[in-house]
Amino acid sequence: MKKILILPGDRIGQEVTNECLKVIDYFRKSCEIELSEDLFGGASIDVHGEPLTKNVLDKALDADAVLLGAVGGPKWEKLEHNLKPEKGLLTLRKELEAFANLRPGKVFPALINSSTLKKSVLQGTDIFVVRELTGGIYFGEPRYMKEVGGKRVAANNLIYNEDEIARVARVAFEIARKRKNKVTSLDKANVLEVMQLWRDVVTEVHENEFKDVELEHLYIDNAAMQVIKRPSTFDVILAGNLFGDIISDEIAELTGSLGMLPSASIGNKNGIYEPVHGSAPDIAGQNIANPIAAILSLGMLFKYSLNLGNISDLIENGVSETLNLGFRTKDIGNENTLTCTEMGDEILKNIDKLSS
Ligand code: IPM
Ligand code: MG
């Protein structure tokens, strides 16, 4: 029996997670899954006064995998930093030691015209971002906002040790071996010591363990340009926490919409699966969100945490088929678009069709 903890979180997080639940329910006939659901992010703040309670954290540690919706919203933006919904997410990632965040940015052929980029540039694009997730500037100490001599001063610390860099680099190289065998590592080694260390360690891991994989280093500013100039030449992109956060939203636009990009966060314990998009308060409550990123994240859960690659493939093919048939949500289509619920139903129909 595999345990999955569902944390829908806030706003459209709840809407897209509902569509995932239908898919989980469908596969329950072929594998034993025990589900539990709990409050997380703003929804937890409203009831318990904190984004991640000890009880929910314990449940997450005890589960085989955690499926997340999204957290945050204007309602909680003014809270002190430590009490914000996002802090719950960061604590969960850290406590689960989920140091490698995998974000596959594949352009589905049916959506090649949905991006703002030209079809000729996008053709063949399939980028896999590996983002370091439990270190760097998100967690570096000291961090503060205080008053010094009558002026407000704030600081965060971008710090990595060599082990933190090496272990995520290994994940990127391993994944590249199963794909097109190329890793592009992003840094800012021309300005920051910590990024020089990043480049040195990635180079050493490559030299010592992965010489068969092609390695390219790019400065983050240049990379931000290159991924829209020549997206199809990238395979795996390896980046630290902050640069990885930024570049993955850029890559999402290549796929047509942020609503298309799933993610898996893996490391020393059980995995966390969540769409890359946020809680989208602007479209929440209207049943128009795109559930595809969430459903593809569930697909990654089956593959990475439950070792059921066949179900994962079925889910991805079900999504692909649904898109091929012309079904669209508002973010990726113009007319006759489906609601979030209808899109979930349509995908499930196609999964069922493909599995029989
Ligand atoms: C992401 C999000 C999060 C992050 C936020 C919600 C804390 O942007 O997963 O990309 O910055 O990591
Ligand atoms: Mg982000």
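Reader: Okay, domain bounds come from an automatic or database domain assignment. Which domains does the lining of the largest pocket draw on?

Author: The lining takes at least three residues from each of domain 1 (1-103 + 261-356) and domain 2 (115-255). This is a predicted model, where local features need pLDDT of at least 70 and side-chain atom pairs pLDDT 80 or more, while totals for chains, interfaces and linings use all residues; side-chain values use heavy atoms, without hydrogens and water. Residues are numbered from 1 along each chain as written, with chains lettered from A and ligands numbered from 1 in written order.

Reader: What counts as a pocket?

Author: On a 1 Å grid over the protein atoms alone, a pocket is an open set of points with protein on both sides within 12 Å along at least five of seven lines, and lining residues have an atom within 4 Å of a point.

Reader: How many residues line the largest one?

Author: There are 28, and Pro104, Phe128, Lys303, Tyr304 and Glu316 lie nearest its centre.

Reader: How far are the side-chain N or O atoms of Arg93 and Tyr138 from a ligand oxygen?

Author: For Arg93 the distance is 2.7 Å, and for Tyr138 it is 2.6 Å. Arg131 also has a polar side-chain atom 2.8 Å from an oxygen of ligand 1.

Conventions. A polar contact is a pair of N or O atoms within 3.5 Å; within protein, one must be able to donate a hydrogen and the other to accept it, and residues adjacent in sequence count only if both atoms are side-chain atoms. On a 1 Å grid over the protein atoms alone, a cavity is a set of points where a 1.4 Å probe fits but cannot get out, and a pocket is an open set with protein on both sides within 12 Å along at least five of seven lines; lining residues have an atom within 4 Å of a point.
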